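Open the model in your viewer and keep the sequence panel beside it. Here is a short tour, stop by stop.

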Amino acid sequence: MARLRKELTSQAPLTPALTSWAEALGDAIGRGMLRALNTGMPVMGSIAPSPGNGAVMAGRRRGRPPKTIAGGPVPMDRRCTVNGCTREQRSKGLCSAHYQAERRRQIATGKPA
């Protein structure tokens with residue numbers, strides 16, 4: 001059941017200082033929005049963090065860093081044993097995708113993985 005709204009009993013007018021402050025705040029917000037629309041939002045990490053300002057480096061990623069491609073294609077002795085797959089083998093002669101697929105098949109049939 002919806003509650004009844006209490007009507008405001010005091011309709012106190014805003015003081016001139018509060019009115020001018022609210023107008024100045026509205027103008028500042030409007031200018032900031034206009035600047036963001038015209039120039040675009042700043043990219044995270046474009047401001048160089050300094051030790052004292054508490055800024056966080058945005059370019060860092062969590063987890064294991066991506067493997068760098070150093071030598072071109074994977075040698076034949078290190079390729080996945082599935083026909084047509086050119087990825088590097090990770091475990092039991094299979095790449096990570098084919099190993100996980102085989103593991104899911106074994107779990108589904110009730111064999112220990």
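Where is Gln89 found? Select Gln89: it is found in the loop between helix H1 (16-39) and helix H2 (96-109). Residues are numbered from 1 along each chain as its sequence is written. This is a predicted model, in which local features need pLDDT of at least 70, side-chain atom pairs count only at pLDDT 80 or more, and totals for chains, interfaces and linings use all residues, while side-chain values use heavy atoms, with hydrogens and water left out.

**Whole chain.** Zoom out. The protein has two helices and zero strands (DSSP runs, H or I of at least four residues for helices, E of at least two for strands, numbered from the N terminus). Buried residues make up 7% of its 113 residues (buried: under 20% relative accessible area; exposed: over 50%; partly exposed: in between; 1.4 Å probe, protein chains only).

**Back to Gln89.** Gln89 counts as buried because its relative accessibility is 17%. Show its side chain. It reaches the backbone oxygen of Arg79 at 2.9 Å. Now select what surrounds Gln89. Beyond neighbours within four places in sequence, its contacts include Asp77, Arg78, Cys80 and Leu94 (contact: heavy atoms within 4.5 Å).

**On to helix H1.** Select Leu25, which is found in helix H1. Is Leu25 buried or partly exposed? Leu25 counts as partly exposed, because its relative accessibility is 38%.

Terms used:
Polar contact = N/O pair within 3.5 Å; in protein donor to acceptor, adjacent residues only side chain to side chain.
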